[in-house]
Amino acid sequence: MESRNFLRFLAISLSVSLVLFFTWVHLPYAPQPNTTTDLLYCSTNSPWCTSKNRFQSINKPSTADNILRKPPNPKHHKHESDTPHHPLDPLTISEINKVRTVLKSHPLFRSSSPFAFHSIVLEEPDKTLVLKWKKGDSLLPRKAAVVARVAGKSHLLTVDISTGEVAVQETGSRSGYPTMTIEDMTSSTWAPLSNADFNRTIIERGVDLQDLACLPISLGWFGENEENRRLIKVQCYSMEGTANFYMRPIEGLTVLLDMDSKEVVEISDKGRDIPIPKAANTDYRYSAQEINPGMMFVNPISIEQPKGPSFTVEDEHLVKWANWEFHLKPDPRAGVIISRAKVRDPDSGEMRNVMYKGFTSELFVPYMDPTDAWYFKTYMDAGEYGFGLQAMPLDPLNDCPRNAYYMDGVFAAGDGTPYVRSHMVCVFERYAGDIGWRHTESPITGMEIREVRPKVTLVVRMAASVANYDYIVDWEFQTDGLIRIKVGLSGILMVKGTSYVNTNQVPGQQNLYGTLLSENVIGVIHDHYITFYLDMDIDGTDNSFVEVNIKKQKTSPGESPRRSYLKAIRNVAKTEKDAQIQFKLYDPSEFHVVNPMKRTRVGNPVGYKVVPAGTAASLLDHDDPPQKRGAFTNNQIWVTPYNQSEQWAGGLFVYQSQGEDTLAVWSERDRPIENKDIVLWYTLGFHHVPCQEDFPIMPTVSSSFDLKPVNFFESNPILRTPPNVEKDLPVCKPAASA
């Protein structure tokens with residue numbers, strides 16, 4: 001019984017994910033995590049800094065003005081008294097409690113049938129009403145959107161929080177099930193332990209039950225035999241000798257489980273000849289590392305802000321910084337949602353609309369191994385697991401720098417009880433020595449001009465630990481009007497056990513489906529696709545999508561010494577199919593969202609453009625079942641007319657869905673999009689062929705894309721930005737410079 005309780009506790013811990021602290025043990029440079037004792041504290045008018053550990057104070061003045069105060073650790077906010085101030089504010093604890101009370105008295109939930117709340121979030125008011133609302137106006141009616149399952153059937157409900165009125169909506173004939181609850185995941189990991197055949201198999205594979213760790217794995221959809229009941233697959237690992245159990249898979253052992261009844265449907269064990277990899281060199285924790293004498297460490301670094309940060313967060317969710325303001329909230333499915341993003345015009349001083357709403361809509365992660373224990377690993381991390389549900393508390397000084405602001409998420413558990421995910425999002429200013437703009441005049445002109453402006457940006461960050469993998473999502477705002485959306489991948493590979501300990505043992509024709517990373521460990525090839533929902537409202541709701549094709553133009557004989565040049569050809573998308581974009585290196589284009597009814601003083605339509613960086617495209621067959629479900633990755637850009645019911649690229653109910661309710665299906669309707677309220681969808685992709693440097697934990701790899709002003713301003717919007725001068729900056733000296 002003690003072993004069973006331990007395993008249950010372990011399963012719960014695993015299913016809500018782990019907070020991972022990263023270190024690299026196979027690199028000549030081994031960074032340490034920052035601690036408050038290692039970083040300097042500076043004041044504006046002081047030439048010295050203090051540190052409790054590696055540095056000492058230098059020439060410390062005695063005046064009271066120069067007393068340095070350590071910034072406080074992030075405080076846990078008491079949410080019980082929260083009240084909404086903005087129409088888009090998330091539901092508060094008291095509101096979730098009221099929804100729970102109302103629903104439990106509703107006839108649908110009063111029966112003895114089992115039920116679970118898979119989602120209780122704000123039902124956002126109609127967009128036109130939100131756009132008209134101004135601070136000081138009465139708050140728009142507050143409603144909750146609820147996804148529940150009762151007696152094995154999914155339901156959509158709307159609860160009016162003030163009146164208690166409940167409206168039950170039709171779910172239609174769509175396939176699939178709602179996002180799993182945390183309780184679904186945790187109960188699935190320990191359910192196999194009630195099966196004697198499973199326990200016997202584990203012991204026969206040489207694993208002590210007290211060292212067992214199991215993970216709930218969504219199974220996609222692969223045919224009729226998987227329909228009409230919620231199924232999940234469970235695979236297990238050995239924790240013996242390491243915290244990094246992911247590197248010790250019990251290869252080939254897969255349990256098919258009925259998620260509702262917890263019945264073990266099938267046990268497949270096809271890896272008995274594959275040893276469990278050893279625990280040696282798998283632990284990634286800093287405390288477990290042996291530091292070699294020759295290793296070099298970077299001295300602690302911290303960007304100090306003696307006057308404090310330049311941004312404010314009003315009413316818990318309205319962020320104001322420099323020339324930007326936007327509404328920010330955590331979300332259990334999307335992670336974070338940015339709404340009502342506006343930038344100040346440097347000439348008129350007015351706040352101009354840029355984006356009504358932006359968020360991570362879906363993450364598609366297909367693994368490239370068609371064998372029995374791997375073919376189904378084609379995750380939809382937002383729609384199946386909840387991207388926000390997997391967001392872990394951020395680690396001050398390592399995830400986010402000093403002076404960061406932390407925001408908690410308030411979510412509902414499966415029984416409707418509210419709980420707080422603390423420090424889920426952080427907001428901070430970043431300065432990395434980058435340049436906003438510069439020009440130095442050449443000496444040949446006779447003018448001594450050197451003008452340079454530093455670039456300081458504002459970052460909104462969240463990190464989700466979806467079991468083994470960690471995603472870092474940054475929304476970075478620049479004073480020149482640009483928004484950069486960046487995704488970082490880190491954490492731990494999902495690996496496959498093998499009998500091979502060296503590549504020289506592998507027969508020439510055998511496909512490992514990955515890379516041999518260590519003895520008996522294969523890192524399986526896989527992709528990551530992160531699809532973003534971007535409701536752009538450039539100076540208003542009615543916008544157009546313009547593909548600016550860059551074409552080679554040949555000169556006529558005798559026209560010029562040049563034989564060719566480039567020409568920009570603008571094509572306005574009339575319908576959705578005109579805006580289904582696949583990137584082509586040798587047929588380049590720019591992609592603009594413009595307001596055709598508003599123009600600059602010289603006549604250009606105001607707009608923003610999508611600027612891709614490194615990305616990847618799916619190479620899977622369109623008829624492959626995972627790609628049918630992930631068909632929103634068939635293009636890198638889509639544009640659809642605004643529809644409040646079309647926000648999740650993989651569909652509302654993703655779990656075991658068949659792909660009939662995706663962005664790709666909606667876009668085939670080919671609806672008009674010219675001069676309409678439109679939504680742009682962008683997919684950022686990664687191909688990942690694992691390498692040894694990814695073992696036992698991966699250094700972060702990142703990619704991004706930009707939303708950049710294009711003829712939005714009359715001129716350079718940061719022209720008037722002042723340069724840095726010595727008197728405005730703190731001077732910090734380490735002990736060695738004394």
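This is a predicted model: local features need pLDDT of at least 70, side-chain atom pairs count only at pLDDT 80 or more; totals for chains, interfaces and linings use all residues.
View 1. A search of the whole structure turns up 30 aromatic pairs. One of them is F359 with Y533, a stacked pair with 4.7 Å from centre to centre and 20 degrees between the planes.

**View 2. F387 and Y471, an edge-to-face pair.** Here the ring centres are 5.8 Å apart and the planes sit at 75 degrees; planes over 60 degrees apart count as edge-to-face, so that is the label this pair gets. F387 is in the loop between α7 (381–385) and β17 (405–412), while Y471 is in strand β22 (residues 469–478), so the pair ties together parts that are 84 residues apart in sequence. Both F387 and Y471 are buried.

**View 3. Two charged ends over rings.** Look for R352 first: its charged end sits over the ring of F712, 3.7 Å from the ring centre. Then find K377, whose charged end sits over the ring of W374, 3.5 Å from the centre of that ring.

View 4. Ring pairs join W475, F532, F545, F583, F591, Y682 and F705 into a cluster. Now for the largest nonpolar core, with its 118 residues: L328, V354, W475, F477, L534, F545 and L707 are the ones that touch the most other members. At least three residues of this core come from each of domain 2 (182–288) and domain 3 (311–492 + 526–688 + 697–726). There's also a second, separate core of 19 residues, with V102, L103, I120 and V410 among them. As background, nonpolar side chains in soluble globular proteins tend to be buried together.

**View 5. Strand β33 and the strands it pairs with.** Eleven of the 13 residues in β33 (residues 676–688) are buried, so the strand is largely enclosed by the rest of the structure. β33 pairs with β27 in the antiparallel sense over nine bridges, and H526 stands opposite H688 in β33. With strand β32 (residues 637–641), the antiparallel pairing runs over five bridges; I678 in β33 is the bridge partner of P641. Strand β28 (residues 542–554) also pairs with β33 in the antiparallel sense, over two bridges, and N543 stands opposite K676 in β33.

How values were computed
Residues are numbered from 1 along each chain as its sequence is written. Side-chain values use heavy atoms; hydrogens and water are left out. Rings of Phe, Tyr and Trp (its six-membered ring) pair if their centres lie within 6.5 Å; planes under 30 degrees apart count as stacked, over 60 as edge-to-face and the rest as tilted. Helices (H or I, at least four residues) and strands (E, at least two) are DSSP runs, numbered from the N terminus. Buried means under 20% relative accessible area, exposed over 50%, partly exposed in between (1.4 Å probe, protein chains only). A charge sits over a ring if NZ of Lys or CZ of Arg is within 6 Å of the ring centre and within 35 degrees of the ring normal. A nonpolar core is a set of buried Ala, Val, Leu, Ile, Met, Phe, Trp, Tyr and Cys residues joined through side-chain atoms within 4.5 Å. Domain bounds come from an automatic or database domain assignment. Two strands pair if DSSP finds at least two bridges between them.
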